[in-house]
Amino acid sequence: MSMTGIVTRNWRLKIAALALAVLLWVTIRLSDQGGSRLTIPDVEVRVEQLDPGWVLTGPPSPARVEMTVTGPYGELLRAALAKPEVVIPLETVEQEDLVLGLASEWVRNVDRTSVGIEEFAPSTIRLLLERNIEVEIPVSVRPTGRLPDSLALVGEPRANLLFVQVEGPASAVDPLETVFLQPFDLGGVTGSGRFEVGLDTAGLGRVTVKPLTAMLSVDVAPRQSWVLGELPVEFPEADADWVIDPGVLEVTLFGAELQLSAIDVEGIRVAVTADAASVRLEVERNGEARVPVGLSGLTRWVEGAVEADSVTVRRAGPP
C-alpha cells in the first residue's frame, strides 16, 4: 500500500484519536504542579449483584458522572482510554429509594495501584427500586378459526398447565389475571391430538414466565347433523293481534355425537331478534314487516341452523 493510502485509510478515526490524545495531554500539562490530575467525563454508572428480592425501576440517576484521577501522565492517559465505569454492588436492599455516595473501590478498568481516584461529580447517585415478586397465575387457551367441516369438537381444548410461575416487579405482576397461550388455529386440525403451544409473553415487559410452552389437547369426532324438527317462532313483545308467518321453522343441529346427545332440547328456542317498537312502526306504515330470527339454548360445541333467517309480521285479519 502506498504512503498516501496508509495516511488516508480510516482517516476520521485517526483524527479523532489524535484529537483525544492532544486534549488529554493538554489537560494533564495544565494540571496543578503538585501532581498530575485528570478529570474523565462521561463515566458510566451501573448496578450489578442486585438483591434478588428487588428490581430497579430505572437506571441510576445520574447514569453518568465525572471522575477525577491522579497519578503519572502515562497512567492517567491509559485510564482515560480504558473507558472506566462505576459498578455498584447492591446485594442488600432495605428501602425503595436509595441515595448512595460513590466509592473509589467501585471503579473498574482502572489500575488503582498506579492511579488514585480523587473525587466524583456529582458524588452521589439515586436508585429507585421495587419489590420483585413471584406468583402462580392461571393459563388461558385461545382457540381460533374453525375445524374442517367434517369434524366437531368433543370438548374444550385444554392445556396440561393450569398455572405458570410469573416473576417480576410487583407493579407489572399484580394486574395480571391470566397468561394466554399463543392463539391456536383449529383450521389445521385433522384429528384428535396433543400440540405444543408457546405462552404469549408479548407485552409483559420485564415479567418472566416459566415454563414457556404447554401441551394442548384437542379432542374431535366426526361432525354429525340432527334434525330437531319444527319449533314455534317466539316474539314475547309482539302485539296481541300480530301474526307471525311462518309460525314454525325447522331446526337442524350440528356437532359431535357426544355433544348432540347431551343437549337440552327443551331449552332451544327460535325467536324474533328485532325491537318490538321498530316492528310496530313498520307494520303501521307498510302493513307488514320482515324481521330476523335467531336460535338460542345451544351449548358451546353445538351449532344450529334454522330453515329461514327471517319471518313476516303482520296484523291479523284484513289490513
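Modeller: A polar contact is a pair of N or O atoms within 3.5 Å; within protein, one atom must be able to donate a hydrogen and the other to accept it, and residues adjacent in sequence count only if both atoms are side-chain atoms. With that term in hand, we may turn to Ser-310, whose side chain makes a polar contact of 2.9 Å with the side chain of Arg-290. A polar contact of 3.4 Å also joins the side chains of Ser-310 and Asp-309.

The model is a predicted one, in which local features need pLDDT of at least 70 and side-chain atom pairs count only at pLDDT 80 or more, while totals for chains, interfaces and linings use all residues. Residues are numbered from 1 along each chain as its sequence is written, and side-chain values use heavy atoms, with hydrogens and water left out.

Ser-310 is buried, because its relative accessible area is 14% (buried means under 20%, exposed over 50% and partly exposed in between, with a 1.4 Å probe and protein chains only). Apart from neighbours within four places in sequence, Ser-310 is in contact with Arg-290, Val-291, Pro-292 and Val-293, where contact means heavy atoms within 4.5 Å.

Ser-310 lies in strand E25; strands (E, at least two residues) and helices (H or I, at least four) are DSSP runs numbered from the N terminus. Strand E25 belongs to an open sheet of 7 strands, in the order E20-E25-E23-E22-E19-E21-E24, with mixed pairing. Two strands pair if DSSP finds at least two bridges between them. In general, strands of a sheet pair through backbone hydrogen bonds, either parallel or antiparallel. At the edges of this sheet stand E20 (242-245) and E24 (303-306); each has a single partner strand, so one side of each is left without a neighbour in the sheet. From one strand to the next, the twist averages 35°.

Within the sheet, strand E22 (residues 269-272) and strand E23 (residues 288-296) run antiparallel and are joined by 4 bridges. One of the residues involved is Val-270, whose bridge partner in E23 is Leu-295. Helix H6 (residues 276-286) lies across E20, E23 and E25 (310-315), and runs at about 150° to E23. Such angles run from 0 to 180 degrees between N-to-C directions, the axes being lines fitted to C-alpha atoms, for helices over the stretch in contact.
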